[in-house]
Amino acid sequence: MDIAISAKKTTPMHKYILACVAIVIMLFAAYQLWQFGRAELTLKADSLVISQVQRGDFTVTVRGNGVLVPEKVQWLSASGDAKVEALLYKPGQQVRQGDEIVRLTNPRLEQELGEAKWELSALEAEHKASDLAEQAAIAKQRSDILNAQMALAGAEHEYQAHQELIATGAVSKLDFQRAKIALEQAQQALRSAKVQMTESTKSWQAQQHARFARLNQLKNRVSRIQTQVNELTVRASIDSIILALPVEVGQHVSMGSNIAKLANQNALIAELQIPEIQIQQIAVGQKVTIDTQNNQVLGHITRIDPEVVQGNVQVDVAFTQPLPSDARPALSVNGEIVIAQLSDTLYVSRPLFSQSQTQSSIYKLSSDGLMAERTAVQLGLGSVSYVQIIQGLQEGDQVVTSDPSRFESYTQFRIN
């Protein structure tokens with residue numbers, strides 16, 4: 001028995017769909033061949049750093065390295081020629097105000113102090129003896145005045161008695177004249193005693209001033225030498241940490257030589273070195289986060305050095321928070337300065353060698369990620385890690401941010 005098999009014919013619609021699919025595939029392949037034909041360079045994807053453009057809030061920061069330094073430094077110096085006898089502390093140790101740090105010695109100065117003190121004692125004794133002698137002389141003169149006053153009183157009484165009796169003839173005229181002369185002599189003697197007392201007092205006072213002047217001069221000399229001897233013991237002027245002791249035991253130092261360098265450990269600032277290409281974004285008052293490797297402390301910029309040294313500009317940062325226990329002079333730190341807070345903006349990982357606020361070129365990937373083509377973009381504010389996109393890219397675009405030295409001479413290149 002024969003079985004009839006009927007062949008199913010392909011409809012024209014199916015042929016049309018298959019033809020369209022084939023044409024699309026051929027066109028896509030031709031486009032890819034055309035693209036690959038245009039590119040003269042092919043790079044592997046794993047050799048490139050590719051980043052995606054994002055939209056959101058973006059904090060613009062600038063980083064710099066530096067050290068902690070004392071805000072104020074005090075040098076203690078030698079008050080005169082001396083020799084270092086003992087070092088009682090070492091650099092790095094903390095001292096309190098009045099603590100003895102270095103002991104100096106000067107035998108000649110100490111001998112001069114002893115001689116001056118002996119001379120002062122002798123002069124004080126001489127002054128006391130002279131004062132006692134003057135006081136005794138003045139006391140005697142006071143006694144002479146009293147005797148003269150008593151003699152004058154007796155003469156006055158005798159004269160008055162003779163004056164009353166001469167009228168009656170009870171005394172002779174000669175006796176009356178003698179009484180009168182005795183009265184005048186007594187008056188003259190009293191006046192002379194008073195004048196002598198006045199002159200002696202003036203002389204005593206003048207001698208007192210001279211002796212006091214000489215005494216004060218010698219006291220000042222002793223005090224000056226004593227101060228110099230006391231300053232042979234170099235003491236801390238503030239509660240501080242010793243930064244340096246540039247002397248050794250047995251060393252001879254002259255007047256004005258630096259003995260010890262002190263700094264208040266609680267009054268430190270950070271000195272950051274900022275690249276000169278980024279200094280235009282820095283301003284006094286901007287907030288800074290200082291990283292001491294173990295802690296982070298907030299501060300603000302107080303000064304920007306006007307000079308550029310080896311491509312960097314120094315920026316001083318004062319702290320607005322208490323310093324941690326690990327903070328000390330010369331400690332290496334990192335600082336992050338907040339330049340601006342941008343909201344709802346485009347930004348991307350900073351391409352290597354790109355500069356903020358410039359017209360630049362960035363290689364943007366095609367939608368399929370197989371081609372990278374140079375694209376002109378306007379960059380805005382940037383930090384170490386990210387940079388703002390003003391114009392030329394959209395959210396979600398992928399760009400090459402690695403070193404462009406291999407492909408910067410090409411307009412586009414292929415990515416495998």
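Guide: Start with accessibility: buried means under 20% relative accessible area, exposed means over 50%, and partly exposed is in between (1.4 Å probe, protein chains only). This is a predicted model, where local features need pLDDT of at least 70, side-chain atom pairs count only at pLDDT 80 or more, and totals for chains, interfaces and linings use all residues. Residues are numbered from 1 along each chain as its sequence is written, and side-chain values use heavy atoms, with hydrogens and water left out.

Visitor: Why does glutamate 112 count as partly exposed?

Guide: Its relative accessibility is 21%. That value falls between the 20% and 50% limits, so glutamate 112 is partly exposed.

Visitor: What makes arginine 108 and glutamate 112 a salt bridge?

Guide: A salt bridge needs a side-chain nitrogen of Lys or Arg within 4 Å of a carboxyl oxygen of Asp or Glu. Here the closest N and O atoms are 3.3 Å apart, so the pair qualifies. Both residues sit in helix 2 (residues 107–165), four residues apart, or about one helical turn. Helices are DSSP runs of H or I with at least four residues, strands are runs of E with at least two, and numbering starts at the N terminus. Through shared partners, salt bridges join Arg108, Glu112, Glu119, Arg214 and Arg221 into one network.

Visitor: How do you know that arginine 108 is exposed?

Guide: Its relative accessible area is 53%. The limit is over 50%, so arginine 108 is exposed.

Visitor: Why is glutamate 100 called buried?

Guide: Glutamate 100 has 19% relative accessibility. That is under 20%, so it is buried. Glutamate 100 also forms a salt bridge with arginine 103, with the closest N and O atoms 2.8 Å apart. Arginine 103 is partly exposed, at 30%.

Visitor: What makes the bridge of arginine 96 and aspartate 239 tie parts together?

Guide: Arginine 96 lies in the loop between strand 6 (94–95) and strand 7 (100–105), and aspartate 239 in the loop between strand 8 (233–235) and strand 9 (240–244). The two are 143 residues apart in sequence, so the pair ties those parts together.
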